[in-house]
Amino acid sequence: MAEQHLDSKQVRKAVKALLGHRQQKNTLDLDAAAFTLQVGLKKAPVDPSPKPRLIPLPHRVRNDAGDRRGCLIVKDADKPWLKALLLDGERPGAKTTRTKLDEGIHKVLALSKLRTSYKQFKDRRELRDRFDDFYCDDRVVPMLGKLLGKSFFDRKRQPISVRVTRGPESLREQLRKADSCARFVLKEGTCAALVCATTDLNEKEIVENAVAACDGLVSCVPKKWRNVQSVVLKLPDSASLPVFAGAPAAPRSYAPPAARPPAAPAAPRGLAPPATAPARGFAPQAPRAPAAPRGLAPPATAPARGPPMGAPRPPMGAAPARGPPMGAAPPMSAPPARGPQAAFHQVPARAAQPPTAQFGQMRVADGAPPPPGPPRGPPSRSGSMVSAPSQQAPKTFQGYAPAAEGGYVPTAPGGAAAPPGAAQPSRSRADILASPRGSMSQPALPAAPMSMPAPQVEIDESSQCDGRYMRCSVKTLPSTAQVASASKLPLGVVCQPMALDSQQDAPLDVVNFGSTGIVRCKKCRAYVNPFVAWVNNGRQWRCNVCGFSNDVPNSYFCQLDERGRRRDRDQRPELSKGSVELVAPGEYMVRPPQPPVYVFAVDVSAPSVASGLVNVAASTIKKCLDSLPGAPRTQVAVVTYDSSVHFYNLKASLKQPSMLTVPDLTDLFVPLPDDLLVNLAESRESIDMLLDSLPQMHSGSPSPASCLGAALTAAYRVMGHVGGKLCVFQSQLPNCGEAALKNRENPRAYGTDGERMLLLAEQSKGKSPEQTTASWYETRAIEFSRLQIGVELFVAPPTNAYVDLATLALLPKITAGQLYYYPQFSSKKDAAKLEAELTRALTRPTGFEAVMRVRCTRGLRVSAFRGNYYVRGHDLLALPNCTPESVFALEIAHDAEAPLTAGAASVQASLLYTTSSGERRIRVHTLVLPTSPDVGVVAASADVDVVANLLAKASVEATLKAGLDAARSRLQQRCIDVVAACRHGRSSASVGGYGAPAVRGAPAAPQTPSQPPKLPESLQLLPLYCMALLKSAAFRGGADVRADERSYTLQRLDGMAPEQTRSFVYPRLFALHKLPPSQTPFAFPPPLNLSAESISSDGIYLLDDSLQLMVWVGGASDPKLCDSLFLQDPSDGRVMMKPDPGGDSPLSRACKVIAELRKTRPAYLALEIIREGDPQRQPVFFRHLVEDHASFPGGQYSYQEFMAHVSRHA
Ligand SMILES: [Zn+2]
């Protein structure tokens, strides 16, 4: 009987489509998803009953029988024997057979017990939740309703009645049957639904089950098939696919109460109620629009008899209903809050046309994508179509519009109108923002047409935040934590919020919201951005971070265009650009913006004066005074220190600055607090005079001591009330006063576990010997951060002496400043570098009093921050200063509690700061990335530079926490894991699209060790980078990296941008002796592999490791060339590069390369020239030849060997 109504071919197509949809949507859901069959009735059943009816299915739906627990409720008298029979396997009377009735009954419950022990609601609830299935003796059914309570019926735990009196065999049969049947409860209302299959069954079984279930269900309803309006099949998160459409019921009345949305109340559990209840007197098709909110895509069921020609087009898109007074149509078909966008045109088809004609062409079946392009107007065959001048013509069934060919294409969710020209994959902004959880009005839609192989989320790249501001380690995010962990890739974003500020050509648009106030999400406080969705005709916007729907302030309202985008989008940078700057109103200020303050604390101890540090620092500061940002408000103070602290009265009225020495360091007294920090413009003369005389002032009777701690306290007193930038010039280990440090350096600890302690900051002794507290420097730095003081620390020891950078580095690290290190400082060698770096530090654009917060789409969270900052609150980064060089790496993790449900995820970084001109601004960067459940897709989208950056930074942390050995082995393992994940992920990604589970379970693909690992193109360089990192100055083993150098490298690495880590990890090596002629525009010569094979004695090579430049001059290199390139300083024999003569000579070519390299680095690249055979420096150069094997721990593999090693273990 069913066959003539339900076409199994049609069902098969739908099943195929749904399976396809599931595959591409989320492959990681290990639980089977249930196919729900929904039957829309023309007339609600008159005798609904909570009693479950069993509908036999050819294939057992549940695959988890072993885990299901059943409870049988019986009369008291029957309990003993039933219990014996079912639970103990004893058959009454027959002692020989111990055949336990293993039908999933775990408890036999007597009625009296139910009465007494489950009186409390809580107990009943517990009982309900303890079992999956309830059975009962049919004789106790009447008593159960009251005893069990309503919740059993709501949660589909209605007991299934069995007859126990017929004996064990019959009971067994009944239980077995119950187990293999679908349960169906005929409720009131016109929608009947049951679960007919799960995705564990194969396609054929699902089809057979669906047909049988439909048949069985229909046989339970009055009037059988004549009462069936529609049949649809769906998965939990899919659209409903129609598989049958019945003839319309005869309408009886056309005067519906307009206010009452028809059919909706009748929809139990939000299932899409098909059609209408004719009893209420609606035209059959008209109410279907309101009935569609769940994504029901009904086939053409419209009766075509009535010619609606010429009738006024009802707003809902003109159901060509026959005969109803047209005036009645609009009210009855328009649901209250939905505008014309929700409209759809019904295809006026032949009467009671079987759906196959249309649905049969549904493109999901054969996997071909829907045809691109042309506006999907009314189907051409619909001669009777209302030819209204409809721009909003696209037929959107809440997400599915029947395409011209009959295919189904997704449209923008949220009832927003689909763009006529882009009904199909144009999943733009709006789609990205599909609310995390579909609601009645915003159904969760499949991410792409069902035929698409992978989710196609189209992100408007023109609105994306520039990659230099924010860059993610993958361009497609894993959709779940399982995919993320299966890929083994570090997940994170490197954010450089002011990256382009020193470039003239990239100013950000400044937006002033004025009286409207800054438009932010009420719930998560994210800022409005190009990726929010505009809903409810533009009266609301849905947040792309948390999914909350916010009201649009009246003054900010704007009409939407046909694509659901605001018409003023292009005029408003905040709606069209991923990076904008907002003017912050008063409530974003704790205090009025402070003037830019620069305080210089200069170590004037003997070594400092002798090395020329004081001289270079003073002269550079003087040169920079004109370009300090923030004139005319800029304030300046100078403090110097040796064994005592010196303050300088710089008051403009004084003829010359006067020095005030405070020798008592224990309780530092600050004299004349008002005259120390002065306005730069007013006191310019005094300041110039002081800087000119500073080196001489202290050269007379220099003290060997350096009381850095007291100087920091002095600076803290001088500038604490305003904050600002504190530049500290230190030339030795602080050795007097409260924060003196001990020389902890212990060369014997190098290469051992003890090395880690040298890399950690020194800790202060607590009250008891075992108790240690945070370092003085840490405490002071945190205090600085609170007072908005950022420290730029220049450490320039004139000798090779230890300065405990591990401890000193806390100052710039916590206060978001920067560390500069000049080992063996001499003004000749390092003046250029110090001058360049100090100039940059003083004159670069700086954001003062900054805080940064990063928000991620619900389902993701920031799990770790790296860089220089102090965390205030739990996720607010306090940055007293933020500069173009400030780089923060954020690791991102999936939130265990809130799965990521959107097809794309957003990361929004917002930086609140004061510009040097005293304006409070909020800089907002928004990055939106698609997500995918396929490990292969995720891995292929990896950005290896960011991956290496994050791995390196994670290794820095591991080094400090667990030591170098542990950090190296973790890094190596991580590399192997990624390679393994890619290899296995790729081989199994095709298995039904369920990539990730296969990865976890699948055995390793057989692969010979010698075979290089098959990596996606994106990750080809990862093993090389990992190996190079193992050999870098940051992580290499052995005893040749001193503690200060290591601390410096680790600290620098922690704040590096991906662009820079690339060169740090795998330095660039150029052959200077055969540079090609310079080109315009400039292009670097081809780099060489970092192997001794690339080097020969007759050559000259330039190496750039992002921290410095080295030129290695071979012993047999052309003397003429050497003469033309280098000159020797007669005073100290130091070899230098000659200045660029211009033109096109070998020297000029080399100078150009060096100049270009320097341009790309934030730090000044000093150039060192190393002769072949130099016993001190040549090993440092050769360290960088990372492709060769070496003898220190971590360096034992050559590149080939490392690849083989990775391949073997992956
Ligand atoms: Zn939000």
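Where does Gln-788 lie? Gln-788 sits in the loop between α22 (776-786) and β29 (789-795). The model is a predicted one. Gln-788 has a relative accessible area of 12%, so it counts as buried. Its contacts beyond four places in sequence are Arg-591, Gly-723, Gly-724, Glu-849, Ala-850, Arg-872, Leu-879 and Pro-880.

Now step back to the whole chain. The protein has 1210 residues, and 60% of them count as buried. It holds 36 helices and 43 strands. Take the contacts between residues at least 6 apart in sequence: 75% of these join residues at least 24 apart.

Next, the nonpolar cores. The largest has 96 residues. Which of its members touch the most others? They are Leu-489, Leu-879, Leu-1019 and Phe-1181. Leu-489 can be followed in more detail. Leaving out residues up to four places away in sequence, Leu-489 touches Val-474, Ala-484, Val-938, Ala-939, Ala-942, Val-947, Arg-974, Val-978 and Leu-1019. A second core is separate and has 55 residues. Among its members are Leu-787, Val-791, Tyr-821 and Tyr-1048.

The metal site comes next. Which residues supply the protein donors of the zinc ion? Four cysteines do: Cys-521, Cys-524, Cys-543 and Cys-546, each through SG. The donors lie 2.2 to 2.3 Å from the zinc ion. In sequence, the donor residues follow the spacing C-x2-C-x18-C-x2-C. Cys-524 and Cys-546 link distant parts of the chain, 22 residues apart. Cys-524 is in the loop between β16 (510-511) and β17 (533-535). Cys-546 is in the loop between β18 (540-542) and β19 (549-551).

Why is the zinc arrangement called tetrahedral? The four donor atoms subtend angles of 102 to 115° around the ion. Four donors count as tetrahedral if all angles lie between 85 and 135 degrees, so the zinc site qualifies. The ideal angle for four tetrahedral donors is 109.5 degrees.

Are Cys-524 and Cys-546 buried or exposed? The cut-off for buried is under 20% relative accessible area. Cys-524 is at 19%, so it counts as buried. Cys-546 has 9%, and it is therefore buried too.

Four strands make up an open sheet, in the order β4-β3-β5-β6, with parallel pairing. Strands of a sheet pair through backbone hydrogen bonds. β4 (105-110) and β6 (160-162) are the edge strands, each pairing on one side only. From one strand to the next, the twist averages 30°.

Look at β5 and β6. These two run parallel and are joined by three bridges. Cys-136 stands opposite Ser-161 in β6. Helix α6 (residues 141-148) packs on the sheet and touches β3 (70-74), β5 and β6. The direction of α6 makes about 135° with that of β5.

Asp-133 belongs to β5 (residues 133-137). Asp-133 has 4% relative accessibility, so it counts as buried. How far apart are Asp-133 and Ile-160 in sequence and in space? They are separated by 27 residues in sequence and by 8.1 Å from C-alpha to C-alpha.

Note on methods: Residues numbered from 1 in each chain as written. Predicted model: local features only at pLDDT ≥ 70, side-chain atom pairs only at ≥ 80, totals over all residues. Heavy atoms only, no water. Buried < 20%, exposed > 50% of the residue type's maximum accessible area, 1.4 Å probe, protein only. Contact = heavy atoms within 4.5 Å. Donors = N, O, S within 2.8 Å, 3.2 Å for Na, K, Ca; no water. Tetrahedral: all angles 85-135°; square planar, octahedral: opposite > 155°, others 65-115°. Core = buried A, V, L, I, M, F, W, Y, C linked by side-chain atoms within 4.5 Å. Pairing = 2+ DSSP bridges. Axes fitted to C-alpha atoms, helices over the stretch in contact; angles between N-to-C directions.
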